[in-house]
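I opened this one up to see how the chain is built overall, and then to follow a single residue. My entries are below.

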Amino acid sequence: MLIASSYGVEIRKENLCFRKTFDVYRGAVSFLTFVLDSVWEELGTIGNAKKRFNTAEHLVHNTKKNRALFDFDSRFPKMPSYLRRAAIQHALGAVSSYRTRLSQWQNARTGRTGDARAGKKTGRPSLQGDNHAMPVFYRDVMYRAGEEGTDCAKLKLFDGRDWVWRTVRLKHTDLEYLWKHWKGKEASAPTLERRHRKYFLRFTFTEDVKLSEKPAERQTVCAVDLGINTDAVCSIMRSDGTVLARRFINFPGEKDRMKHVLGRIRRFQREQGTSETGGRWAYAVRLNEELSKKTADAIVRFAEEHGADVIVFEYLDMKGKIRGRRKQRLHLWRKRDVQKRCEHLAHRKGIRVSRVCAWGTSALAFDGSGRVERDPQNHSLCSFSTGKKYNCDLSASYNIGARYLIRELIKPLPETARSLLEAKVPAAKRRTSCVYADLLRLREAMEGEGAA
């Protein structure tokens with residue numbers, strides 16, 4: 001499996017050449033987008049991607065044997081050929097996407113897709129020429145790396161008149177990270193980008209990783225319950241139900257800082273209004289993003305420490321309007337971002353990622369005694385119907401791991417054997433209500449069948 005990872009190296013002491021380079025490149029992409037859209041009837045009929053690109057380049061670029069139909073070369077003189085081709089490729093993708101969305105919208109309006117109201121609810125898609133395209137600096141012709149131990153690189157930038165080579169200084173700690181973790185691995189051509197009023201060179205590295213292929217009977221599972229009060233509760237579990245380790249992952253310091261920032265934003269909004277809070281909200285978003293990064297890293301580290309083959313999450317897809325006093329906390333909960341980051345980090349370690357249905361994982365007791373009752377004073381604790389007090393998130397993590405294992409143990413079995421097991425353990429039929437106790441019963445039934 002190919003895993004792509006990227007890292008942005010900060011450029012120190014930015015200068016006006018970056019801004020001018022951005023303006024020229026984005027202007028070229030905007031011009032090419034509308035030009036190629038005007039001749040899309042011809043380009044759209046070309047199925048081969050390489051042939052379509054060559055045709056588009058002949059329309060805008062003059063050579064000894066070709067006379068261009070559009071005056072791209074006069075509008076953007078001396079633009080490097082590699083940068084011009086990157087702009088053409090970006091424009092082709094933008095126009096192709098726009099034409100596809102336009103066709104879908106028209107079909108929806110005419111009722112060809114079965115719902116005539118779908119096209120009326122959404123507006124007509126528009127072609128965006130003013131986009132956030134980033135220039136790519138191809139090696140040797142646009143980018144030259146400095147020697148190891150130096151914090152410099154050379155880029156071909158636009159100074160307002162011509163494209164010239166400029167030496168830029170890169171952040172030393174970023175380069176140390178690349179040399180330590182990515183030395184000897186092939187990097188793609190860097191992309192120049194601007195974030196938070198700073199400029200970065202983003203490098204992309206590709207790795208070929210082999211994921212774990214153990215059968216379900218031999219797998220070690222890391223079941224994760226993501227929460228709001230506790231960032232994550234993890235349980236390491238074997239297929240026979242043995243729980244090897246547990247960990248509560250929480251970052252109270254980061255959440256306390258976020259709470260103070262949100263309080264300052266509320267006070268400012270009451271006094272000054274909402275028009276000048278963009279910078280404050282941007283800072284809060286960055287704090288929240290940093291919290292999701294730390295949570296994902298801690299989950300994967302815990303799974304790797306115990307040799308987990310699979311990390312199991314709930315499938316969290318909350319829809320609809322969120323109400324109540326905890327509305328803001330739920331809106332800021334980056335549950336899908338944590339899962340996405342975990343998936344990338346886990347795949348780099350050879351660990352698989354899976355998801356199970358989230359219905360009832362927290363509401364049902366892991367011992368099979370039925371629904372739980374939350375403690376109104378401490379929402380992380382709950383009471384079972386038997387009177388037992390337990391941590392609700394820890395019980396949910398047991399149920400998450402059990403649902404995954406029940407699914408993987410039953411799935412490869414023949415239909416006859418599966419029916420016999422489901423007759424002995426009826427709860428295994430409906431995995432949306434399975435709990436940890438059902439896994440133990442299923443394993444006991446499977447061992448009994450094997451002995452018989």
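First, a working rule: I call two residues in contact when they have heavy atoms within 4.5 Å. I'm looking at a predicted model, where local features need pLDDT of at least 70, side-chain atom pairs count only at pLDDT 80 or more, and totals for chains, interfaces and linings use all residues. Numbering runs from 1 along each chain as its sequence is written, and side-chain values use heavy atoms, with hydrogens and water left out.

**One residue**

I went to Ser30, which sits in helix H1 (residues 16-38); helices here are DSSP runs of H or I with at least four residues, strands are runs of E with at least two, and both are numbered from the N terminus. What does Ser30 contact, leaving aside its neighbours within four places in sequence? I found Gly129 and Asp130. Gly129 is 99 residues from Ser30 along the chain, yet their C-alpha atoms are separated by 4.3 Å. I also noted a polar side-chain atom of Ser30 at 3.5 Å from the backbone oxygen of Gly129.

**The whole chain**

I looked up the secondary structure and got 14 helices and 14 strands. The C-alpha atoms fill a box of roughly 85 × 50 × 50 Å along the principal axes. Of the 452 residues, 43% count as buried, meaning under 20% relative accessible area with a 1.4 Å probe, protein chains only. I then checked contacts between residues at least 6 apart in sequence: 65% of them join residues at least 24 apart.

Methods
Buried means under 20% relative accessible area, exposed over 50%, partly exposed in between (1.4 Å probe, protein chains only). A polar contact is a pair of N or O atoms within 3.5 Å; within protein, one must be able to donate a hydrogen and the other to accept it, and residues adjacent in sequence count only if both atoms are side-chain atoms.
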